[in-house]
Amino acid sequence: MSEEITIVLEDQDTLNKVCGMNDVNLRVIEKHLHSRIFCRGNELTLSAVEPGSKDLFRSLIDELLSRITTGQHPDEHLVSSIMESLAKGEKEEVSRLKELSIDIPRGPKIFPRSMRQASYVEGMTGHDISFAIGPAGTGKTYLAVAFALQEILEKRKKKLILTRPVVEAGESLGFLPGDLGQKIQPYLRPLYDAMDSLIPVELITKMEESRIIEIAPLAYMRGRSLKNSLIILDEAQNTTKEQMKMFLTRIGEGSKAIITGDITQIDLPKHITSGLIHAKKVLDHLEEIHFSTLDARDVVRHPIVKKIVQAYEKEES
């Protein structure tokens with residue numbers, strides 16, 4: 001006969017936040033603990049079948065409740081990350097997830113959902129140059145944009161510059177309609193999607209009109225010295241070695257640069273080395289530069305995306 005533990009929560013709303021949408025958080029907990037969880041009223045009951053499951057369950061619920069009181073809404077990614085760390089006895093790591101946040105004026109409070117995302121946020125905060133390397137859906141661009149908006153709206157930086165290499169598919173930018181900004185904007189759509197989800201569109205438009213937000217193809221960065229700015233270089237896996245060196249040497253006094261990329265999706269000709277891979281090799285030893293490596297465990301999109309990434313990683317290894 002298995003033991004049980006029942007935890008009484010404050011109210012039904014708290015229970016719903018702990019359980020997650022359609023009880024997805026409970027399914028994650030059950031999978032980790034190899035146990036069943038039952039809900040009744042504002043109570044959670046775990047049917048513990050393994051030694052240590054009860055203590056781990058209680059510790060997890062305490063952690064989730066502490067986050068709910070600060071306005072965080074736990075999801076399956078956060079629950080899984082916390083459980084993995086608690087199971088390893090890494091309580092300090094769990095605290096990092098709770099204490100780190102990106103606070104956007106006129107926008108939401110963003111929390112990292114995994115330990116590697118937490119390292120990424122710390123890297124952006126404590127370094128003038130930070131890299132995030134990882135597959136699709138791991139929050140590279142989203143966290144970079146959130147951090148940038150915090151810096152700009154709190155007036156720690158005067159300008160947000162968005163750039164990326166344009167790997168063209170048979171046509172030149174010159175043949176596309178509009179001015180330079182309009183030509184490059186479709187390539188920067190992921191950055192704008194992140195901004196749209198974080199602050200009102202009217203605020204984005206206002207910052208563009210006042211040139212606080214500037215978009216520029218990477219090729220047009222040569223010769224510039226960027227001061228008191230936050231620069232995001234997205235899709236950096238498609239830079240050449242020369243482009244990456246040129247970009248990194250544009251960074252002026254009071255500026256920060258965030259470079260993101262996915263080295264599994266390089267669109268350069270096969271005989272050309274990715275500037276992102278080269279930069280990791282050449283600069284990894286510099287304490288002033290932070291490198292974060294994200295993987296399939298950090299995927300925060302649709303659950304099937306994580307399985308797709310894992311399948312490709314398995315095949316490529």
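Because the model is predicted, local features are reported only at pLDDT of at least 70 and side-chain atom pairs only at pLDDT 80 or more, whereas totals for chains, interfaces and linings use all residues. Residues are numbered from 1 along each chain as its sequence is written, and side-chain values use heavy atoms, with hydrogens and water left out.

**Confidence.** The mean pLDDT (the predictor's confidence in each residue, from 0 to 100) of the protein chain is 86, and 91% of the residues score at least 70.

Six strands form an open sheet with parallel pairing, in the order β8-β7-β9-β10-β6-β11; two strands pair if DSSP finds at least two bridges between them. β8 (213–217) and β11 stand at the edges with a single partner strand each, so one side of each is left without a neighbour in the sheet. Direction ignored, neighbouring strands are turned by 15 degrees against each other on average.

| Helix | Strands touched | Angle with β10 |
|---|---|---|
| α6 (residues 115–126) | β6, β10 (256–261), β11 | about 150 degrees |
| α7 (residues 140–153) | β6, β7 (159–164), β9 (229–233), β10 | about 165 degrees |

β6 and β11 run parallel and are joined by 5 bridges. The bridge partner of Phe131 in β11 is Phe291, while Ile133 stands opposite Thr293 of β11. Rings of Phe, Tyr and Trp (its six-membered ring) pair if their centres lie within 6.5 Å, and planes under 30 degrees apart count as stacked, over 60 as edge-to-face and the rest as tilted. By this rule the count comes to 1 aromatic pair. The ring centres of Phe131 and Phe291 are 4.4 Å apart and their planes lie at 15 degrees, so the pair is stacked. This pair links distant parts of the chain, with Phe131 in strand β6 (residues 129–133) and Phe291 in strand β11 (residues 289–293), 160 residues apart.

Both Phe131 and Phe291 are buried, where buried means under 20% relative accessible area, exposed over 50% and partly exposed in between (1.4 Å probe, protein chains only). In β11, 4 of its 5 residues are buried. Lys280 lies over the face of Phe291, at 5.4 Å from the ring centre, the criterion being NZ of Lys or CZ of Arg within 6 Å of the ring centre and within 35 degrees of the ring normal.

**Two loop residues with positive phi.** Asn22, in the loop between α1 (12–19) and α2 (24–33), has a phi near 55 degrees, a positive value in a residue other than glycine. Asp23 is found in the loop between α1 and α2 and has a positive phi of about 60 degrees although it is not a glycine. Asn22 is exposed, with a relative accessible area of 72%, whereas Asp23, at 30% relative accessibility, counts as partly exposed.

Notes
Axes are lines fitted to C-alpha atoms, for helices over the stretch in contact, and angles run from 0 to 180 degrees between N-to-C directions. Contact means heavy atoms within 4.5 Å.
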